[in-house]
Amino acid sequence: MELFRIRKDIPFMRYALVFNIISLVTFLLAVFFLATRGLHFSVEFTGGTLVEVQYKQAANLEAIRGGLAKANFQDYAVQNFGSSRDVLIRLPLKPSQSTASIGTGVMEALDVSAPGAQLQRVEFVGPQVGEELAQDGALALLLVIIGIMLYLALRFEWRFALSAIIANLHDVIIILGFFAFFQWEFSLPVLAAVLAVLGYSVNESVVVFDRVRETFRKKRGMTTPQILDHAITSTISRTIITHGATEMMVLSMLVFGGDALHYFALALTIGILFGIYSSVLVASPLVMWLGVSKDQFIKPVKRVETANEDGACV
């Protein structure tokens, strides 16, 4: 399905060096903010207090969040736990507060904004749990990267695998750079969004690379930059349809999803926008710089020698 067809190839590769310089500068800025400011981890990573409450009817999560905000609680996470009547509240533990005092303060805030809550438990989650979650998240990210590289190396060629991984890591680091610069809360849903962006971005790279391979095999007399331009231009309608539809869904979560989905949708929004850019204007130039050529896709014809009537090989 195509909304439109561009007859003349757009010369993307003519500006490949400019795009790569922009990407490098953006990447280095993200690394700088990560190194100097760091990520603002949620209580799931840093440890804190868990407060579980139960209502006789479905809990109003927005009223609970509003009550905690009015009571000057910060960096809290509110979500249903098991059923719509059970609510789990995560709060960071400050040095001047104890777990018991935090539990008491939460119940006082809920009595004002969302009355009817019955306290089920209050417990402290130590930083050891947070450290374990961070390690598991980093391991999951590493395994995804290795899997993508193996898949692309087997399906295409090592140049494509290396280019796609660099482009995808470019997206991930930039997302983390945004969260470090603005000190947005980095939680488990955000980590899930980062992993989703890895898979989403590599999908676009595969589509473009597949058209590059096809063009190398079918087109004659075209240079490598011309082939890359043709592959990107011929898939641009699909790119606009796919990413446009996905971005509309993610933006709806960002605008109407509330606090629970805000940073998750924000990470996806940034990742999708930069995923389009990196798949087209980072991965493709890198493939060109690494020396991709037609010879890598055309198998040499094996010469079969046969003997004629005189016994000579032909």
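Is G47 buried or exposed? Hold that thought for a moment while I set the ground rules, everyone.

What we have here is a predicted model, where local features need pLDDT of at least 70, side-chain atom pairs count only at pLDDT 80 or more, and totals for chains, interfaces and linings use all residues. Residues are numbered from 1 along each chain as its sequence is written, and side-chain values use heavy atoms, with hydrogens and water left out.

Back to the opening question: G47 is buried, with a relative accessible area of 8%. On this scale, buried means under 20% relative accessible area, exposed means over 50%, and partly exposed is in between, using a 1.4 Å probe and protein chains only. G47 sits in the loop between α2 (43-46) and β2. Those element names come from DSSP runs, numbered from the N terminus: helices are H or I with at least four residues, strands are E with at least two.

Let's walk from that loop into the sheet. Four strands make an open sheet, ordered β3-β4-β2-β5, and the pairing is antiparallel. Two strands count as paired if DSSP finds at least two bridges between them. At the edges we find β3 (77-81) and β5 (118-125), each with a single partner strand, so one side of each has no neighbour in the sheet. On average, neighbouring strands are turned by 20° against each other, direction ignored.

Now the pairs themselves. Strand β2 (residues 48-54) is joined to β5 by seven bridges, and V53 stands opposite L119 in β5. With β4, β2 pairs over six bridges, again in the antiparallel sense; here V51 is opposite I89. Five bridges connect β3 to β4.

What lies across β3 and β4 (83-91)? That would be helix α3 (residues 61-70), running at about 150° to β3. For angles, axes are lines fitted to C-alpha atoms, for helices over the stretch in contact, and the values run from 0 to 180 degrees between N-to-C directions.

Helix α3 also packs against α4 (residues 99-113), at an angle of about 120° and with the axes 8 Å apart. The two are therefore oblique to each other: under 35 degrees counts as roughly parallel, over 145 as roughly antiparallel, 65 to 115 as roughly perpendicular, and the rest as oblique. The crossing of α3 and α4 is right-handed, and the convention is that the near helix is turned clockwise from the far one by less than a right angle, with anticlockwise giving left-handed. In this contact, A63, I64, G67 and L68 of α3 meet V106, A109, L110 and S113 of α4, where contact means heavy atoms within 4.5 Å.

On to the helices elsewhere in the chain. Which residues have the most contacts inside the largest nonpolar core? They are M13, L152, F160, I175, F186, F209 and V212, in a core of 54 residues. By nonpolar core I mean a set of buried Ala, Val, Leu, Ile, Met, Phe, Trp, Tyr and Cys residues joined through side-chain atoms within 4.5 Å. Helices supplying at least two residues each include α1 (16-36), α5 (127-155), α6 (158-182), α7 (188-218) and α10 (259-281). The largest share, twelve residues, comes from α7. Leaving aside residues up to four places away in sequence, V212 touches F160, I227, L228 and A231. A second, separate core of 19 residues includes L61, F73, I102 and L110.

One more helix pair for you: α1 and α10 pack at about 135°, with axes 11 Å apart. They are therefore oblique too, but this crossing is left-handed. F19, N20, I22, S23 and T26 in α1 meet F274, Y277 and L281 in α10. I21 belongs to helix α1, and at 46% relative accessibility it counts as partly exposed.

Let me finish with two distances. For G47 and F209, 162 residues apart along the chain, the C-alpha separation is 43 Å.
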